[in-house]
Amino acid sequence: MAEQESRSADIALSLEALQERISKAVLRSGRHPNEVTLIAVTKFFPLADLQILRRLGQQDFGESRDQEASVKIPELRAWARQEAQNLPNSNEPTRVHFVGQVQTKKARSVARYADVVHSLDRSKLVSALDTGVAHALESGQRTRPLEALIQVNLDPQAPPDRGGVPPDQIMPLAKEVADSANLRLTGLMAVAPRGAQGADARAAFDRLSALSAELTQVYPQARLISAGMSSDLEEAIQAGATHLRVGGAILGSRYLGR
Ligand SMILES: *Cc1c(COP(=O)(O)O)cnc(C)c1O
């Protein structure tokens with residue numbers, strides 16, 4: 001119990017420091033705080049940490065491995081329903097963002113619990129998720145369409161397993177998402193090229209922002225920009241990110257000392 005309390009105090013401090021970092025960057029960019037949503041990326045961390053974050057008012061959670069999320073997320077939601085009267089903003093739903101690569105065979109599972117998928121990067125996945133959402137709607141496991149962001153590869157040097165479409169393939173994929181029955185195209189996502197920091201990260205996110213401007217000319221509803229992690233969120237905010245995906249800066253290292 002004492003251990004749990006100290007974990008809770010640590011997370012509260014990190015979250016507060018992070019929110020401070022975000023507010024400063026938002027102000028410096030002349031943007032409005034409402035324009036930027038923080039997604040707490042909780043992959044590799046236990047349900048107890050998600051519960052601590054939810055008690056602190058965090059509503060948006062990011063996961064990247066289906067094997068883990070398909071267990072943790074339903075548990076989190078069941079707990080949040082039970083605890084509703086003790087939680088801040090209990091009338092607002094917990095939102096789950098799938099930010100990692102989705103294997104086609106996992107699409108059906110992801111479609112049961114994710115509100116948003118940030119990593120759409122191929123046709124096959126559009127149809128697999130669309131079918132998965134249809135099943136989940138039919139069986140009552142979800143009530144809404146799935147929001148989808150197209151992941152863009154900003155690094156021509158990146159190995160193919162990092163995910164993302166080259167910029168010239170955004171439009172054809174966007175059309176497939178927009179034409180699907182159960183997916184809603186809501187924006188673009190990217191990760192800065194490996195090793196890119198400071199001005200290099202900023203240049204990559206500016207590129208993403210320009211691609212987003214092209215996309216919204218055709219699909220005005222697709223205005224979300226998911227960019228920025230623990231190490232480059234200031235650059236992402238300056239470039240217009242609407243959704244930050246932050247893990248380490250809130251929960252600490254995933255591999256050491258836990
Ligand atoms: C893990 C992960 C993050 C969070 O990264 P941190 O460096 O821990 O903030 C963001 N986006 C994606 C796609 C991730 O897999």
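Of the 258 residues of the protein chain, 50% count as buried (under 20% relative accessible area; exposed is over 50%, partly exposed lies in between; 1.4 Å probe, protein chains only). This is a predicted model: local features need pLDDT of at least 70, side-chain atom pairs count only at pLDDT 80 or more, and totals for chains, interfaces and linings use all residues. Residues are numbered from 1 along each chain as its sequence is written, and side-chain values use heavy atoms, with hydrogens and water left out.

**Overall fold**

- The protein chain holds 9 helices and 8 strands (DSSP runs numbered from the N terminus: helices are H or I with at least four residues, strands are E with at least two).
- The radius of gyration is 18 Å, which agrees with the value near 18 Å for a compact globule of 258 residues (taken over C-alpha atoms; the globule rule is 2.2 Å times the number of residues to the power 0.38).
- Along the principal axes, the C-alpha atoms fill a box of roughly 55 × 45 × 35 Å.
- Take the contacts between residues at least 6 apart in sequence: 64% of them join residues at least 24 apart (contact means heavy atoms within 4.5 Å).

**Surface and charge**

- The protein chain exposes about 12,600 Å², and carbon and sulfur atoms supply 49% of that area (Shrake-Rupley method, 1.4 Å probe; for residues, only the protein chains shown count as cover).
- There are 31 positive and 30 negative side chains (Lys and Arg are positive, Asp and Glu negative; His and the chain ends are not counted).
- The centres of the two sets lie 3 Å apart, with each charge placed at NZ of Lys, CZ of Arg, CG of Asp or CD of Glu.

**Salt bridges**

- Side chains of opposite charge can pair when their charged atoms come close.
- The count comes to 13 salt bridges (a side-chain nitrogen of Lys or Arg within 4 Å of a carboxyl oxygen of Asp or Glu).
- Arg 55 pairs with Glu 83, with the closest N and O atoms 3.5 Å apart. Arg 55 lies in helix α2 (residues 47-55) and Glu 83 in the loop between α3 (66-82) and β3 (95-98), so this bridge ties together parts 28 residues apart in sequence. Arg 55 is partly exposed, at 44% relative accessible area.
- Glu 147 and Arg 95 meet at 3.6 Å, N to O. Glu 147 sits in strand β5 (residues 146-151) and Arg 95 in strand β3, so the pair links parts 52 residues apart in sequence. Glu 147 is buried at 18%, while Arg 95 is partly exposed at 27%.
- Glu 68 bridges to Arg 65 at 2.8 Å between the closest N and O atoms. Glu 68 is buried at 15% relative accessibility; Arg 65 is partly exposed at 36%.
- Salt bridges link Glu 63, Arg 65, Glu 68 and Lys 72 in a network.

**Backbone and local geometry**

- Most residues other than glycine have a negative phi, and most peptide bonds are trans.
- Phe 44 has a positive phi, near 75°. Phe 44 is in the loop between β1 (37-41) and α2, and is partly exposed at 31% relative accessibility.
- Asn 89 also has a positive phi, about 45°, although it is not a glycine. Asn 89 is in the loop between α3 and β3, and is partly exposed at 37%.
- Ala 213 belongs to helix α7 (residues 198-218) and is partly exposed, at 42% relative accessible area. Ala 213 and Arg 223 are 10 residues apart in sequence and 8.0 Å apart in space, C-alpha to C-alpha.
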